[in-house]
Amino acid sequence: MSDALARLGAALSERQALPLVRVGGPVQEVTASACRVGGVAAFVRLGDRMGIEADGRVQVGEVVRIEAGGVTLKPFEARIEAGIGARAFRLGEAALRPHPGWKGRVIDALGRPIDGGGPLPAGERAMPLDAAPPPAMSRARVRRPVRTGVRALDLFTPLCAGQRIGIFAGSGVGKSTLLAMLAGAEGFDSVVVALVGERGREVREFLEGPLAPSRARAVVVVSTGDESPMMRRQAPRAALAVAEAFRDAGESVLLIVDSVTRYAHAARDVALAAGEPAVARGYPPSVFSDLPRLLERAGPGPDGQGTITGLFSVLVDGDDHNDPVADSIRGTLDGHVVLDRAIADQGRYPAVNTLGSISRLADQVWTAEQRELVRRLRSMMARFEETRDLRLMGGYRSGADPELDHAVALVPRVYEALRQEPAHGPSRDAFLELAEALR
């Protein structure tokens with residue numbers, strides 16, 4: 001028996017000494033945005049990572065198309081350095097190992113630290129970057145109200161823990177500033193922020209300015225506008241993988257993605273490179289299936305776990321709120337906040353259009369008295385706005401319509417009460433502050 005064990009041990013030692021075999025193949029074709037690798041089609045799946053040996057280092061890419069003769073590989077770097085004949089090999093499925101020690105750190109879309117704070121600790125569990133949303137019937141109910149500290153939202157579009165809401169706005173209307181104000185909302189154990197396609201100079205301004213009070217509990221995933229579409233497409237997925245790890249640990253997580261539109265733009269570039277046809281304003285079909293899959297990953301976890309409250313900014317191209325991407329996102333989320341350029345032009349910030357914004361879970365937050373108050377305020381605001389041109393032309397005479405007289409006297413004071421700058425600090429009780437302003 002001892003001789004047999006000795007021979008088995010010797011055989012295992014010889015096997016361990018053998019070099020590892022890597023599944024790979026040669027680069028056969030290189031374009032400006034992707035390259036084609038032969039000989040590996042039977043061994044990889046869509047979404048797998050592959051490494052390309054070029055100039056003494058390894059470029060990492062993702063498989064975006066598989067055919068009988070080879071696969072299309074799109075690298076995460078903006079420039080492809082590989083040439084014809086370079087060797088590419090399989091690395092496996094993309095995943096992160098989030099750890100509570102990541103809080104306070106800044107990482108890129110591949111999970112690498114970019115803040116100069118040293119290596120990141122590795123968690124025990126690998127979280128896939130393209131995980132499926134939790135099953136619908138196992139998810140907990142959304143019930144707990146959240147105070148955002150922004151009066152316009154706490155009054156007219158209140159949120160609950162586990163809700164997903166979109167902030168729809170054109171460029172330069174105050175979308176990022178509003179998100180920064182919401183990052184300081186109370187009642188969350190951790191904050192995960194994905195800055196997708198952001199201007200490079202604004203990253204430190206965001207981290208050291210509005211996010212500074214919440215920085216110790218925040219993980220920030222950054223992919224600036226000059227990075228490749230693969231990195232911009234990967235950043236929200238990486239942020240959701242981190243948020244899901246914290247949620248599974250029982251934490252209440254605030255997830256902020258700025259913006260989902262830039263994620264859709266990056267997904268469009270990747271899909272077009274994979275050979276998909278454009279079907280709606282240049283967007284391939286896969287974009288409209290990827291968006292719900294991404295957004296549905298946020299929300300309440302299964303019973304006994306935590307929640308992910310999602311705030312997703314949507315950059316409305318040309319202020320067109322019927323853009324196909326904006327329309328698809330609006331139908332998936334649990335509410336939307338509309339920022340109006342006309343309100344911003346009047347100097348009223350945050351420029352929330354209270355008549356065009358809605359929270360589908362508001363009834364979980366309002367009392368019966370608050371619901372009636374908000375209904376009456378909306379009615380007066382609608383009356384005030386629809387008669388604005390009439391009053392400017394001199395067609396309004398005081399005393400002719402008591403309801404309109406009441407709106408003209410009250411609505412400007414409501415608008416002034418909703419004005420809130422980041423320097424003013426968070427609101428403590430929106431309804432009480434409104435009552436004091438109108439008293």
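Begin at the boundary between domain 2 and domain 3, where three salt bridges cross the interface. The structure on screen is a predicted model.

**Stop 1: the salt bridge.** Select R371 and D363 and display their side chains. The two side chains meet in a salt bridge, with 3.1 Å from N to O.

**Stop 2: the domains.** Colour the protein by its domain assignment: residues 21–92 form domain 1, residues 96–365 form domain 2, and residues 369–438 form domain 3. Taken over C-alpha atoms, the centres of domain 2 and domain 3 are 31 Å apart. To their contact, domain 2 contributes 20 residues and domain 3 contributes 22 residues.

**Stop 3: the interface.** The size of an interface is often expressed as the accessible area that is lost when the parts come together. Between domain 2 and domain 3, about 2100 Å² is buried, and 53% of this area lies on carbon and sulfur atoms. Now select R151, L155 and F156: within domain 2, these residues lose the most area to domain 3, and together they account for 35% of what that side buries.

Next, turn to the polar contacts. Select α2 (151–156) and α3 (175–182); each supplies at least two residues of the side of domain 2 that touches domain 3. The largest share of that side, five residues, comes from α2. By type, the residues on the side of domain 2 that touches domain 3 are nine nonpolar, five polar and six charged.

**Stop 4: helix α3.** Why is α3 described as largely enclosed by the rest of the structure? Six of its eight residues are buried, so the rest of the structure largely encloses this helix. The buried residues of α3 are K175, L178, L179, A180, M181 and L182. Among the elements that cover them are α2, β12 (164–169), α4 (200–208), β15 (252–258) and β17 (307–315).

**Stop 5: H336.** Finally, select strand β18, residues 335–338, which contains H336. Is H336 buried or exposed? H336 has a relative accessible area of 11%, under the 20% cut-off, and is therefore buried. Display the residues around H336: leaving aside those up to four places away in sequence, H336 touches I165, G166, F168, R330, G356, S357 and I358. One of these, G356, places its backbone oxygen 3.3 Å from a polar atom of the H336 side chain.

Methods. Residues are numbered from 1 along each chain as its sequence is written. This is a predicted model: local features need pLDDT of at least 70, side-chain atom pairs count only at pLDDT 80 or more; totals for chains, interfaces and linings use all residues. Side-chain values use heavy atoms; hydrogens and water are left out. Domain bounds come from an automatic or database domain assignment. Contact means heavy atoms within 4.5 Å. Buried area is the accessible area (1.4 Å probe) that two parts lose on being put together, summed over both. A salt bridge is a side-chain nitrogen of Lys or Arg within 4 Å of a carboxyl oxygen of Asp or Glu. Helices (H or I, at least four residues) and strands (E, at least two) are DSSP runs, numbered from the N terminus. Ala, Val, Leu, Ile, Met, Phe, Trp, Tyr, Cys and Pro count as nonpolar, Asp, Glu, Lys and Arg as charged, and the others, Gly among them, as polar. Buried means under 20% relative accessible area, exposed over 50%, partly exposed in between (1.4 Å probe, protein chains only). A polar contact is a pair of N or O atoms within 3.5 Å; within protein, one must be able to donate a hydrogen and the other to accept it, and residues adjacent in sequence count only if both atoms are side-chain atoms.
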